[in-house]
Amino acid sequence: MVYSAQFASNLEYTERILINIVRQNEALLPSCIRSNTYSCGECTLAYPRSCLILGDWDIRSYLRFIMDRELRTRELIRLVISEHGRPLYRDIIASMVQARDSSILNHAIYAWLDSCSVHFKAFGFNIYGLSEWHTE
Amino acid sequence: MDSDSNRYSHLNLSGWPFRLLPSRGNNNIWAGRPVIRRKIEQLTQQMSEDPTSSLHLMWADFGAGKTHSLFYMESLAEELNLLPVYVEWPKKTVTFVDVYRNIAQYFSLRRLTNLFWACCERHSVDQMIDNIYMISPDFAAILERLYNRDTNPLIYEWLRAQPGIPRRELAQIGVRNPIKTSDDAITMLTVLVKLVAESDSDMKMLLMLDEFQRTDQLSPRVRADVNTGVRTLLNACPESLSVILSFSFGKPENINFLLTEDVRTLADPERINIPKMKPEEADEFIRDLLRQYRIRKEDDTYFPFTEESSSLLLGSISKLTPRCIMKRFGAVLRRANPELREGKLSNISIDYAKNALKDMHIEDDIECK
């Protein structure tokens, strides 16, 4: 299937919105991305008539792939920080993550650290640790 | 120690064995873990025998005994031709000068003066001043003043790189420049290493930089600067200096992310790793620790505990580090001590230990539960 330039632009926009959502709180993702159910009436992402996902399995699969990749990134960030056992500067976190998966870029890691307060907390300027450490 | 012997004689102990914080008062006490002890002793001996400079890495799990190991190494070094200088990595590092400031605190005016006098006994004063002048004219001027018993407090402020000393005040002590840059700091350290080397035959400085893990919270620029500082210092002192970087975090291999490649390649490939203990090692640790404090060498190696209560207490600790063991055993002994002293208890039985643990809220002890 060939998609128009306008469609590609809309898709990129949708992708970015979903990435922002998953980085803040994955529970806020639309049900069609989180699971195999559709709750279009409650969806805050788009109206059914303009929704890119509805009716297009390829688009849905692609966006789910992006979300899975983002969640894997988050889990990898959590893992390296947890293994280290103390808050550390963000560039070291990025190096540790990239030592395990070199395809993950710095900006994606920093965006996770900055926006996902559920999992990550700042302990100083550009120093991050797990959010559960903050309460100890 | 005599008053301690009296105070704990009912426990058959010459002192309180369960200390959470390392102290130099008991730095010659090593309990259990014979392999690690041997490695520390071997490394200290090697550094003593090898005149060339070296860099060594020591990792320990949280609470596993890193600082106590360094204090133990310090006690060994003092018996050899090593001058141990134990320093904590600064909590806030902007440049390598901050590291130098912490090192400079070890060298009081008296210590520095005695060091210089020792050098002058082996070489002439003029020769020493000339040699130091080649490295740092300012430091040479200061040493000449110290030799002549000048006690101007500005001398110490300059040596400790205090910021903000006006130049006209520096001129009073014959110094032209403050210590401001990382290069200045390395120059100062180079002189100190030279003084140590010349103070006695084959003398070497053993610089132990503890808490190196604090560099994991430094910006890349500052981290690069301190790495360059370490590298440049070793380049400037190809002999008479051994540096130990000790650090605590969850995974020892993560040190590779804190060191630049040129520092990593300088480090001795054989690292000292101090992980948490296995159960049998923890049991040996307790027995050995109590044995070293025994007044009367009796058969009961666990007294005032029993083998059963000791085993119970060790089993209640999920992370067997010296710190956690000290905490748990110390808490139970503190509770039982008055009753043991009054003879109401003959020992800390397994039932007593069980009740003590129940009252202790060990589920709140996140570090050791």
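This note sets out numbered points on the sheet, the interface and the salt bridges of a predicted model.

1. Basis. The model is predicted: local features need pLDDT of at least 70 and side-chain atom pairs count only at pLDDT 80 or more, while totals for chains, interfaces and linings use all residues. Residues are numbered from 1 along each chain as its sequence is written, chains are lettered from A and ligands numbered from 1 in the order in which they are written, and side-chain values use heavy atoms, with hydrogens and water left out.

2. Sheet of chain A. An open, antiparallel sheet is built from three strands in the order β1-β3-β2 (chain A); strands are DSSP runs of E with at least two residues, helices runs of H or I with at least four, both numbered from the N terminus. Because β1 (88–89) and β2 (120–124) of chain A each have a single partner strand, they stand at the edges with one side lacking a neighbour in the sheet. Strand β3 (residues 127–130) of chain A pairs with β1(A) over two bridges, pairing being assigned if DSSP finds at least two bridges between strands. In this pair, L88(A) lies opposite Y128(A).

3. Interface. Contact (heavy atoms within 4.5 Å) involves 18 residues of chain B and 15 residues of chain A. The buried area, defined as the accessible area (1.4 Å probe) that two parts lose on being put together, summed over both, is about 1300 Å², and carbon and sulfur atoms give 60% of it. In chain B, the most area is lost by D216(B), Q217(B) and F257(B), together 42% of what that side buries.

4. Salt bridge across the interface. Three salt bridges are counted between chain B and chain A, the criterion being a side-chain nitrogen of Lys or Arg within 4 Å of a carboxyl oxygen of Asp or Glu. One salt bridge joins D91(A) and R223(B) at 2.6 Å, N to O. This pair runs from helix α4 (residues 90–100) of chain A to helix α11 (residues 220–236) of chain B. Both D91(A) and R223(B) are buried (buried: under 20% relative accessible area; exposed: over 50%; partly exposed: in between; 1.4 Å probe, protein chains only).

5. Salt bridges within chains. K319(B) and D61(B) meet in a salt bridge at 3.2 Å, N to O. Their positions are 258 residues apart, in the loop between α14 (307–315) and α15 (322–341) and the loop between β1 (54–60) and α3 (66–77) of chain B, respectively. Both K319(B) and D61(B) are buried. In chain A, shared partners join E26(A), R74(A) and E75(A) into one salt-bridge network.
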